[in-house]
Amino acid sequence: GYGYTNCCTSVAGSLPGSGNIAYDPLLVNPAGGDFRLQPISPCNDAALPVSWMAGAKDLDGNDRILHGAPDMGAYESVTVLPPVISGDIHYVVPGNPGALAPYTSWDTAAATIQDAIGAAAAGHTVLVTNGTYMLTGNLSITGDITVRSVNGAAATVIDGGGTTRCVYMNHPNAVLDGFTIRNGYNPPGFGGGVNIGNGGTVRN
């Protein structure tokens, strides 16, 4: 016979073997050949450690066990989402299939930055995890809202794709913190990357 151990698939319940789970593994981009795990993948820290993993590396050269237990799959997830903060925080994970407004946990995080901005009220923060956020229209921050990345500009990119302005800001207390802004385009003239109207702050 045959069996499977520590596999994650939508048909895991019908697979012979042990340690299997029946979920979408939430890979980054399987169609494009990127089989790394998204930060909210159920495969993170879900495998059973075995002796050969001590000192072993994954396909990226990272330690096989990074956060106390190994991940399912060929890659260890190096991104650790910070704990949910009680209060007026709205979370963003790119492409999250479980997105549910008002996006107040990582599990229900918005799939796009603009969705989370739309759910935020004055004084709220939008917290954005790693990824490249491709735009079809500019982000609009027109209230007293802070949009902040978890791990800084090197890990979090807002990309206009050469077809749209990236960000429009129009409030003295609006803040955009910790992003790389690239490939913005605004043929009428002003602010292909960031256009600031009546106030706003871009930093880090």
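Tutor: A nonpolar core here is a set of buried Ala, Val, Leu, Ile, Met, Phe, Trp, Tyr and Cys residues joined through side-chain atoms within 4.5 Å, with buried meaning under 20% relative accessible area (1.4 Å probe, protein chains only). The model is predicted, so local features need pLDDT of at least 70 and side-chain atom pairs count only at pLDDT 80 or more, while totals for chains, interfaces and linings use all residues. Residues are numbered from 1 along each chain as its sequence is written, and side-chain values use heavy atoms, without hydrogens and water.

Student: How many residues has the largest nonpolar core?

Tutor: There are 22, and Ile 113, Val 126, Ile 141, Val 147 and Ile 158 have the most contacts inside this core.

Student: Which elements each supply at least two residues?

Tutor: Helix H1 (113-119) and strands S6 (125-128), S8 (139-141) and S11 (167-169) do. Helices (H or I, at least four residues) and strands (E, at least two) are DSSP runs, numbered from the N terminus. H1 gives the most, three residues.

Student: What does Val 126 touch?

Tutor: Leaving out residues up to four places away in sequence, its contacts (heavy atoms within 4.5 Å) include His 90, Val 92, Ala 116, Ile 117 and Val 147.

Student: Switching to the sheet: what is the strand order?

Tutor: S8-S11-S14, an open sheet with parallel pairing; strands pair if DSSP finds at least two bridges between them.

Student: Why is one side of S8 left without a neighbour in the sheet?

Tutor: S8 stands at an edge with a single partner strand, and so does S14 (194-196).

Student: How many bridges join S8 to S11?

Tutor: Three. Leu 139 stands opposite Val 167 in S11.

Technical notes. Buried < 20%, exposed > 50% of the residue type's maximum accessible area, 1.4 Å probe, protein only.
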